[in-house]
Amino acid sequence: MNVLDFKITYETYENLNELSLEDKLLCIRAEEALQSSYSPYSKFKVGTAIQLADGEIVLGSNQENVAYPSGLCAERVALFAIGSAKPKAVVKTMAITAYTESFTIKNPVTSCGACLQVMAEFEQKQKSPIAVIFYCLNGQVIKVNGIKSLLPFVFVEDRLANAT
């Protein structure tokens, strides 16, 4: 038997003012994305802003459905929009935030496993890491450079692309 462990490197900041101007502006755009959230059931709004390598910023917000599994998270809304409109685009950085009137969110909200898998697929496709900024409105920020830090056993099967 072998016992192994992972080392995850990430940065933390007390608030947005400690970030670079570029990252701070991306986070502010993620706040804008909260406005288009359709979350009548959970009342939990999630917004994301994605900066592409060419500088373009794409927004996404969670979209719920009364048939709960039919909804979609903010990260996947934005990433799938990019994939369908600009399939060769390179994702540089993502900023993700959340808001609810039901309670105070005290820590940055992180992505679900399904979103992490989709993010990892984008990294695989573009052959470069994606920086991800999770932040709490008016609070703490977490930044990680690359999805493998968040999903170390990411599902990747290169042979599927070659299947006939």
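**Entry 1: a hairpin.** I started at the hairpin of strand 5 and strand 6, where 5 residues sit between the strands and N138 takes a positive phi near 60°. A friendly reminder to myself: this is a predicted model. Strand 5 (residues 131-135) and strand 6 run antiparallel, joined by 5 bridges. I noted one partner in strand 6: A131 is bridged to N145.

**Entry 2: the other neighbour I looked up.** Strand 1 (residues 11-13) is also antiparallel to strand 6, with 3 bridges joining them. Here T12 has I142 as its bridge partner. Is strand 6 largely enclosed, or largely open? I found 4 of its 5 residues (141-145) buried, so the rest of the structure largely encloses it.

**Entry 3: salt bridges.** I found 5 salt bridges in the structure. One of them pairs D23 with K143, with the closest N and O atoms 2.6 Å apart. D23 belongs to helix 1 (residues 21-33) and K143 to strand 6, so this pair ties together parts 120 residues apart in sequence. I checked burial with the cut-off of under 20% relative accessible area in mind. D23 is buried at 6%, and K143 is buried at 18%.

Next I looked at R29 and E32, whose side chains meet in a salt bridge at 3.1 Å, N to O. Both lie in helix 1, 3 residues apart, which is about one turn of the helix. R29 is partly exposed at 28% relative accessible area, and E32 is partly exposed at 40%.

Then I turned to D54 and K86, which form a salt bridge with their closest N and O atoms 3.1 Å apart. D54 is in the loop between strand 2 and strand 3 (57-61) and K86 in the loop between helix 2 and strand 4 (91-100), so the pair ties together parts 32 residues apart in sequence. D54 counts as exposed at 54% relative accessibility, while K86 counts as partly exposed at 29%. Shared partners join D54, E56 and K86 into one salt-bridge network.

Entry 4: The largest pocket holds about 260 Å³ of space. Strand 2 (44-52) and helix 2 (74-85) are the elements that give two or more residues to its lining. I counted 17 lining residues, with V46, N62, L72, C73 and A74 nearest the centre. By class they are 8 nonpolar, 7 polar and 2 charged.

The second largest pocket holds about 200 Å³. Of its 13 lining residues, E121, Q124, V156, E157 and D158 are the closest to its centre. This lining has 6 nonpolar, 2 polar and 5 charged residues.

Technical notes. Residues are numbered from 1 along each chain as its sequence is written. This is a predicted model: local features need pLDDT of at least 70, side-chain atom pairs count only at pLDDT 80 or more; totals for chains, interfaces and linings use all residues. Side-chain values use heavy atoms; hydrogens and water are left out. Buried means under 20% relative accessible area, exposed over 50%, partly exposed in between (1.4 Å probe, protein chains only). Two strands pair if DSSP finds at least two bridges between them. On a 1 Å grid over the protein atoms alone, a cavity is a set of points where a 1.4 Å probe fits but cannot get out, and a pocket is an open set with protein on both sides within 12 Å along at least five of seven lines; lining residues have an atom within 4 Å of a point. Grid points are joined across faces, edges and corners, and a volume is the space filled by probe spheres set on the points. Ala, Val, Leu, Ile, Met, Phe, Trp, Tyr, Cys and Pro count as nonpolar, Asp, Glu, Lys and Arg as charged, and the others, Gly among them, as polar. A salt bridge is a side-chain nitrogen of Lys or Arg within 4 Å of a carboxyl oxygen of Asp or Glu.
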